[in-house]
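Morning, everyone. I'd like to walk you through one structure today. Please bring it up on your screens.

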Amino acid sequence: MKKKRFEIRTNEETDEEEQFYLQSGINWSIFERSLSLYESVVDYLIDNGYNKRYNLINGLGNILNGAWGVETKNCLASRFILPLRNMLVQKNLVKTSEGYRSINSDVKFVECSKDCDLHDFYEICKTIYGNNLAIEDENENWVALKWGRFTFETDFDEKKPESENLAIPTVKYDKVAKYIEDATCLDNLILIIENDSDIDTNFDAEQLKEFEVLRKLQWLNKFYEWIAVSKITKLADHKIVPNRLGYFCSTEQGCDLKDASDIPTNIFDFMKRMEIDWDKNLLMEGVQHITLTKETKDNVVVAIKNRSKEIRDDNYSSDDSKLTKLLPLLMALPSTEDGRHQEFYEKRSKILSLLKTVFKSEAEEVESETLELKAETWEDSDKWLMSRLSTKLANRKHLDVISAEDTEEQIASKYCTSEWLSDIVSFMFDKGYLHLDDITENGSSDDVLSIIPNRYGNFKPINLLYKQGLIPDKLLDDCLKDTGFDIKEVLLYDGFVLNEKTKITEYQITTLASKYNEYFDGEDNDKKESVSKFLLHLVPECGEQYKEIRNLYDEYNNIEDTTINIIKTSELSIWKGAKDYMIGLLAEKASECNNIFTIGKVLKKNTNKELTNEQESECKNLGMSWLNRLAQEIKNGKVSVKEDLLLIPDWYGNLHPSNEVIYDGTILDHYKHSDSLIKLVDSELWSHFHDKKNGDDNMTSTIVHPQYVFAKEFQNNTDKEFFDLVDRLVFFCSEHNSTEWKLLLKRSIQTLLFFFESNESISMSSFSYRNRDDDNLSKLFPKTYMKRKNLSYDYIYDAETKARFSQMNDNYSSDEIEILIENKDFVKKMLQRSELVTIQKIIEEFPDTDFKSILNILRREQGDFNLELFQQNISDDRKRDIGDKGECYVYEMLCSRFGCVNVTWSNYAPNDANARIVSFNGKEYRLNTTSHDFDFVVSYNGKSIFIEVKTTVGNIKCSKDFPLIFETKEWEWIDNLQNQGSLHYIVRVFDIEGSPKAYFLKQSLFVE
């Protein structure tokens, strides 16, 4: 003031003093000067850039608060204060963001109570008033001036009008609220944004609008937050809060507006698609710091459920129309964010998958979404959907089958596969959408929901279907439909898994067996054989109980590449009917053959009328083996076959009913060469026998073949009866000898004596199963055995032999002669020592060794005998083993010369599982013992060469000690061949167990 007054600066005046005056405000001393002086000071300060210009007004509001009287105050206000204020509002005293402006240029000052945050409120107001606000640093100082309108006394004459009674224009929260309310809606709300750098220049109109809405909400939220912090409650009746339509609403108690911020927005969007729109009564999303009644999900759920029920219950709409309206809900999924609704989420996901599959075209029109709603929102509508889905599935009638040629579109339409339907039915049962009563037929088939497939894929009521259970797959073969019962019609589709609640029972294999057995017990038809064949080619896992029956059938029908399938069952009743039928069928076929030879021909597929002896023998052996196996199965299976069937073979292999055969043929097998006696009885000599008893003529046809498996079940006095017949025959003919049959008788006596000689040492232990005391030759052949020496002397020995016997009588006793006769082959060498004349002297010469041991030594040196085997009565097995090896040796020689294809080996049986196995030269051969009179037949230059092999373990150097031995039948065979002009060779094999060598008698086969 001093500077202004004197235009000078004195040394006594300091800056601090000047600062004091300005900060202390206009004091009375300055005020009392004049208005013009004050204006001059203000202008001076403005011109000289004084910044804190609010101080120029400081005090103008407080002057009138002094201890003045009412009249004085009115005068001061009218004459001095208000004119001064009116002068000051014209001056650029207020600093704004655009520079200094006068108060009357629409400048605003932000004011709030001390409890409120002025800075935050200033920022809120700045968005409305922008540059019209004093800068924040000075705003508070201006507000602090307390410059308000002066209130004159009513009767004061110098009262100023309101236009001259100005106040500092302050902005309080109610003005901001009024600004919002006046806008009515968010779109009309205008805000001043100082910095628009956040706006993306690439925003389209829609994006720009969204951005503006976002900024408006941000500003509103700041205001709402300031109100909340400031604890201002007077604004509830103002419409300053936007709903979801963008219109500002009041928040007073009882208003319709609710806060749905806890409910995801997509739920309300979803509700709109269900024709439920709540936006008018919902607080706009993003609005904060506004306390309203919370909208709940429970209310949302109720609204959706009510709307869904309204759709479902609409009797005037079709199911298709209802589905279309419900699709937004049905296509939605519940949220699983909290993890508590995972189970329901999975259920809904399954239903949604079904919906998209079964109602594909309808579902394609609606997108799926996730809603954070309770499970009950969907439950009733899901039940409705699953009911409709079940009906649609039932109308398909059967499963879909996808083929390789199907297009993608066709595959999509063929969704109802076994795996898919199995999964869906199980799901519906598990979740309660399907119940057992729904799919069970109770009287009327119209009421049942048939969606369970049988083995053919056709849908059936569940109570008409069974699980396969323990029934093997092979018992479902189409072949078995010929029984009249198709099990696949009542079996659940293979792989179709049902829910535990269905409790479908397993089809009992015993029931199936009963049906098959009823079929076989019924009338015969041409399908029974094929059905029986099929069943018998199935093998139970418990073992091959019916393997033999199957093999018998296959062999008889020449089925080589048969297929056997093991099935997992131990219920043998499945095979009973088939087994009994097949055994009966095979028995009839065997009976039709009449003999084992014909059976063998059928088995060999041999249709030739003329067969070689070897082929014939092979057929007989094969036929007998097959028949025995059949007989065993008949007995084991306890199968009743017709009594008139020809199933029992006699000695020659001819078949008879069981009541036509009498005797056990195995009895004769205990004797060596008993077959020679059969031939003796059936020779021409029989016609000269005139002392026959009743039954003698057909005696051999009543003897069961010794190889027949149940021969021992017949009478075991065969030897007694048959040998008696032989004894009477030979005795009669010898007593009534005639030149007519003398030669025939001689051969017969040779045969009988050879039989006696071969069976002298027969072990009676072989007949331990019989309780008889007459099992010796003298009793079995009472007429001929005691006369055997006479018969030999009279009919067998020639004159030279008889002379030698006479000479022996001079040197030996009768007992010694008998011993020598019996052992002449191995005693011969011993008798070369002239000093050992009698057997007695031999014993004396060797006192430490008994005679039996001497004989053993002699036989072992001769080479044909083994000591151990000799001690066992010269085992037949040992002799057979030597003979087998000799035949193997000769067979390999013949094959190397003529080729195996041209060599027929009578005993060779490579396919006979019961044949003995002979190892020779690293190879194995299967051999049988046959009744052939030869060992080999060689086809050579169109001729048949018959070969007989005689084998010894002895060396060629000692050949004189073991001459060749031939049976009577062998000589007869040679005679027949000579008469027929056929070639016959005898092969002698030496040292078979060392360095074997063969010699061919007559002429060598290797010389052309």
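One caution before anything else. This is a predicted model. Please keep that in mind throughout.

β15 runs antiparallel to β18, residues 936-940. That pairing has 3 bridges. To find it on screen, click on W905, whose bridge partner in β18 is F936.

Move along to β19 and β20. β19 covers residues 943-951. It pairs with β20 in the parallel sense, over 7 bridges.

β20 and β21 form a hairpin, with 6 residues between them. Look at D991 in that turn: its phi is positive, about 50°.

That brings me to another hairpin, made by β16 and β17. β16 is residues 916-920, and β17 is residues 923-927. They run antiparallel, joined by 5 bridges. R916 has L927 of β17 as its bridge partner. How many residues lie between these strands? There are 2. N921 in this hairpin takes a positive phi near 55°.

Next, the cysteines. How many disulfides does a search of the whole structure find? It finds 1. The disulfide joins C895 to C900, with S to S at 2.4 Å. What is its handedness? The torsion about the S-S bond is about 125°, so this disulfide is right-handed. The two partners differ in cover. C895 is buried, because its relative accessible area is 13%, and the cut-off for buried is under 20%. C900 is at 42% relative accessibility, so it counts as partly exposed.

Then there are C249 and C255. C249 is in no disulfide. Its nearest cysteine sulfur is that of C255, 8.0 Å away. Why is there no disulfide between them? The two sulfurs are 8.0 Å apart, and a disulfide needs them within 2.5 Å. C249 is buried, with a relative accessible area of 18%. C255 is in no disulfide either. C255 has a relative accessible area of 23%, so it is partly exposed.

On to the helices. Find α11, residues 297-312. It packs with α15 at an angle of about 15°, and the axes are 8 Å apart. Are they roughly parallel or roughly antiparallel? They are therefore roughly parallel, because angles under 35 degrees count that way. The crossing of α11 past α15 is left-handed. Who makes the contact? On the α11 side, it is V301, I304, K305, S308 and R312. On the α15 side, it is E376, T377, D380, S381 and W384.

Last stop, two loop residues. Most residues other than glycine have a negative phi. D106 has a positive one, near 70°. It sits in the loop between β2, residues 99-101, and β3, residues 109-110. With 41% relative accessibility, D106 counts as partly exposed.

K397 also has a positive phi, near 75°. Where is it? K397 lies in the loop between α15, residues 376-394, and α16, residues 408-413. Is K397 buried or exposed? At 55% relative accessibility, it counts as exposed, because the cut-off is over 50%.

That's my tour. Over to you for questions.

Definitions and conventions. Residues numbered from 1 in each chain as written. Predicted model: local features only at pLDDT ≥ 70, side-chain atom pairs only at ≥ 80, totals over all residues. Heavy atoms only, no water. Pairing = 2+ DSSP bridges. Helix = DSSP H or I, 4+ residues; strand = E, 2+ residues; numbered from the N terminus. Buried < 20%, exposed > 50% of the residue type's maximum accessible area, 1.4 Å probe, protein only. Axes fitted to C-alpha atoms, helices over the stretch in contact; angles between N-to-C directions. Parallel < 35°, antiparallel > 145°, perpendicular 65-115°, else oblique. Left-handed = near helix turned anticlockwise from the far one by under 90°. Contact = heavy atoms within 4.5 Å.
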